[in-house]
Amino acid sequence: MAKIAVLGHGVVGSGVLEVINTHHDSIERRAKEEITVKRILDLREFPNLPYADIFTKDFSLIINDPEIAIVVEVMGGITPAYDYVKACLENGKSVVTSNKELVAAKGAELISLAQKNNLNFLFEASVGGGIPIIRPISQCLAANEVGEIAGILNGTTNFILTKMIRENMDFAVALKLAQDLGYAERNPAADVEGHDACRKICILASLAFGTHVYPDSVYTEGITKITLEDVQYAAAWGGVIKLIGSVKMQDDGKIGIMVAPRFISRESQLANVDDVFNGIMVRGDATGDVVFYGKGAGKLPTASAVVADVIDCVKHFKARKYLYWDDAKLDYVANIEEESFEYYVRIKALSTDLAEKLAYKYFGKIRELTRENQPEGEIAFVTNLTNEKVMNNSIEGLKNDGASVLGVIRLSDY
């Protein structure tokens, strides 16, 4: 019998208990051993639950219990999760976590500690919730050289953008709806400003390319500046706007990594990933583009991935699962100012003629876009491939010449 402890009894933690209890027999068949939860750590009281007697507020009862071989951390955040996870790995207990913030910030250290002590540190649920992505990259695509990963990694922002695209709903209204439905937190900053997607692409980049990438080294831009006008111009261009986390290995050994809204062609597989669903595209040299699709969050999808990792741990007590990457190295992440993109730009000047003259002055050959009820003085256009630093200078030039810059979004080739 394998006995585990669960740290946290929130949405995901309660889901883990539900999955284990509901699918007890099938889980035992797959793990070839019975799995039971011996302790649950939470500061709150749950007197009406049928398993109320296994709750504790004392972490020492878990860390000092030799029967507990696996600890599931579903508390979220860095503190106290990091201290608890580190203590578990130092005291002979494998760890399974869904905590993307922890893995993105401390992954290299915790993986190394697990390896040193011949334990497992597994985190399938930290990126795609119920979407399997960590295991496929590390195992199923192991024969490939992965060159690029790009995806819609946050269901909340994808829901908001879907409402803007399909129902002509402005950002504030769509965000309020997401909050009312429970898709967005009361403070939605981690989602709408791109931080959640950033943590996830950091984990995927670290796994795919073998070197830890810290979130503070990644250019991150959210969706708070996206307007219905931008959505309309994207449609005129032939696509939609999605918040994309992407990483690409460059010829010089650096990685280009970022989180930002992008114009996505309607022909892209990612263009049809809507509502709270996530889609992650992995480009391998042998497989080409492989896309993983599903709900990236939610109680039971995430709990399912957590329990799958627990089963993996049980099956590998004596043969450690191999997930590893080195700590970060200097100058590994390329400076975004050195990269080049095609851009969508929307500006407004005193007249349409003046706006067009300014656009040609700073960008040369452009492709103009139009929309219904386009006001006098506003133009939108797509540039040729342009260096990011040059683009920033051109934007400043437009402003100095009296134009208002209403929107700038990078195009993609996904």
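## Burial and surface

Of the 414 residues in the protein, 53% are buried (under 20% relative accessible area, 1.4 Å probe, protein chains only). The accessible surface amounts to about 18200 Å² (Shrake-Rupley method, 1.4 Å probe), and carbon and sulfur atoms account for 48% of this surface.

This is a predicted model, in which local features need pLDDT of at least 70 and side-chain atom pairs count only at pLDDT 80 or more, whereas totals for chains, interfaces and linings use all residues. Residues are numbered from 1 along each chain as its sequence is written, and side-chain values use heavy atoms, without hydrogens and water.

## Fold and dimensions

The protein contains 15 helices and 18 strands (DSSP runs: H or I of at least four residues for helices, E of at least two for strands). Its radius of gyration, taken over C-alpha atoms, is 24 Å, close to the 22 Å from the globule rule for 414 residues, so the protein is as compact as a globular protein of that length. The rule is 2.2 Å times the number of residues to the power 0.38. The C-alpha trace spans about 75 × 50 × 35 Å along the principal axes.

## Nonpolar cores

A nonpolar core is a set of buried Ala, Val, Leu, Ile, Met, Phe, Trp, Tyr and Cys residues joined through side-chain atoms within 4.5 Å. The largest has 113 residues, with Phe121 and Leu204 making the most contacts inside it. Helix α11 (residues 195–209) supplies the largest share of this core, 9 residues. A second, separate core has 19 residues, including Ile336 and Phe341.

Note on methods: Buried < 20%, exposed > 50% of the residue type's maximum accessible area, 1.4 Å probe, protein only.
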